[in-house]
Amino acid sequence: MPDNRILRSLLTDAAERGIAYREDGVQRHVAPSEDAVRAVEGFVEPMPVDASDEAEVLSMLDELGSPATMMMTGPRYFGFVIGGSLPVTVATNWLTTAWDQNVGMHEVTPATSTLERVAMGWMMELFGLPADCAASFVTGATVANFTALAAARNRIYANIGWNVEADGLIGAPAVTVIVSEETHPTVFKSLGLLGFGRNRVVRAAVDEQGRIDVSRFPEIDGPTIICTQAGNVNTGAFDPVGEICALAKPKGAWVHVDGAFGLWAAASPDRAHLCSGFADADSWATDAHKWLNVPYDSGIAFVRDTAALKSAMAITAEYLMTDTEFRNPSDFTPELSRRARGVDVWAALKSLGRKGVAEMIDGCCSNARRFAKGLSVAGFEVLNDVVLNQVLVSFGDVATNRNVINEVQEEGTCWCGVTVWQNKPAMRISVCNWSTTEEDVDRSLEAIIAIADRLVT
Ligand SMILES: Cc1ncc(COP(=O)(O)O)c(C=O)c1O
């Protein structure tokens with residue numbers, strides 16, 4: 001019989017430590033101190049032979065681990081494209097973890113499987129996608145791209161009479177994959193995993209913002225998969241997906257949209273124009289752990305052709321309850337067993353509502369513009385049109401740019417990353433966190449500009 005006193009005391013202790021981490025974190029340096037990073041070596045020890053006290057395990061995790069974390073959940077973390085997990089999603093995530101459901105099959109996990117079905121319908125509505133799409137709840141946009149492109153591969157090969165599931169790719173007819181010069185590296189990884197090869201692609205030319213230039217789009221000839229993008233990871237720019245679909249559809253090509261963060265623009269009436277024509281595509285990938293601000297790991301693939309997705313993902317076995325009238329989540333994902341990550345998405349959408357999601361997206365975009373304006377006024381060159389939440393600012397040559405970014409990261413008011421945009425070194429600011437305020441932007445601007453004024457000659 002489990003001792004409920006231990007359960008209660010451990011979970012209460014974890015909750016209290018988690019709350020303290022989030023409350024105190026707002027004040028602390030965004031990056032961990034060198035001492036804290038050195039101290040995590042304290043975890044490195046031989047595999048213990050004897051049991052340890054469970055409360056001490058938790059306290060060791062908190063005491064050594066918490067100070068060595070990057071404050072990614074905080075309002076002044078602007079690295080990569082990282083959301084900050086809304087409090088309600090942390091709370092529902094904890095409860096879902098306590099449930100510990102394996103959401104592969106509906107009949108044994110009716111609550112979590114139903115919540116995922118609801119969340120998927122709401123997202124399709126928000127993004128304006130066809131209501132009969134299938135959706136997969138996966139770990140992130142990388143796997144969402146992989147999942148959607150697996151469906152694309154099955155359909156395009158089926159169209160030319162080749163059963164790629166059964167017969168594989170060795171000896172298969174050639175399929176052309178068109179990407180752009182700005183396609184995200186994770187799409188190339190997916191293409192590699194799917195046997196298409198990372199390099200056997202045709203690259204569409206892009207303009208100065210990284211958007212596919214339709215006037216120079218490659219000829220579509222024969223079985224083809226086209227990978228487009230909603231939200232360039234540097235500039236935030238959108239490919240003209242509607243125009244590309246108009247070229248692709250008459251030729252029977254499959255159009256995929258990597259909308260890891262950009263697809264969320266469709267949820268804001270003020271930015272939905274950026275996604276105009278996107279509903280004509282065949283598949284879409286997005287992340288909830290970025291702009292919807294739910295905890296990791298949470299990505300979603302949407303696929304119009306349900307049969308193609310199921311043909312790539314579903315399995316059958318006597319002991320699995322696959323013969324059911326219900327939607328079995330594992331029919332749509334690479335994994336069979338997995339956590340019920342769709343519950344976090346449901347919680348975010350239920351608590352924010354359509355208006356709240358739009359406000360969160362718009363707030364980040366407006367803070368990104370505030371950054372761009374502040375930096376321009378201070379005399380620094382902003383390299384992109386700030387159409388979304390990404391800002392690229394140049395501080396000069398590679399060394400100067402690197403020095404400014406290093407100091408910004410060390411100073412600790414905020415954290416921004418390094419990039420190169422069309423051969424120019426730059427600092428990249430991504431505003432993706434629900435809790436970032438105008439004051440956070442102004443504080444960060446003050447810190448960045450003070451450092452850059454000193455280092456840029
Ligand atoms: C456009 C784009 N695609 C895919 C990804 C990969 O997303 P994830 O790290 O969630 O797998 C990213 C990450 O930033 C991205 O910006």
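A polar contact is taken here as a pair of N or O atoms within 3.5 Å; within protein, one atom must be able to donate a hydrogen and the other to accept it, and residues adjacent in sequence count only if both atoms are side-chain atoms. The model is predicted, so that local features need pLDDT of at least 70 and side-chain atom pairs count only at pLDDT 80 or more, whereas totals for chains, interfaces and linings use all residues. Residues are numbered from 1 along each chain as its sequence is written, and side-chain values use heavy atoms, with hydrogens and water left out.

Around the ligand there are 14 residues, of which Thr142, Asp258, Asp287, His289 and Lys290 come nearest; a residue belongs to these surroundings if one of its heavy atoms lies within 4 Å of the molecule. A polar side-chain atom of Asp258 is found 2.7 Å from a nitrogen atom of the ligand, while oxygen atoms of the ligand lie 2.5 Å from a polar side-chain atom of Thr142 and 3.0 Å from one of Lys290. Taken alone, the ligand exposes 390 Å², and the protein buries 84% of that area, as computed by the Shrake-Rupley method with a 1.4 Å probe.

The structure also holds seven aromatic pairs, for which rings of Phe, Tyr and Trp (its six-membered ring) must have centres within 6.5 Å, with planes under 30 degrees apart counted as stacked, over 60 as edge-to-face and the rest as tilted. One of these pairs, formed by Phe127 and Trp264, is edge-to-face, with 4.7 Å centre to centre and 80° between the planes.
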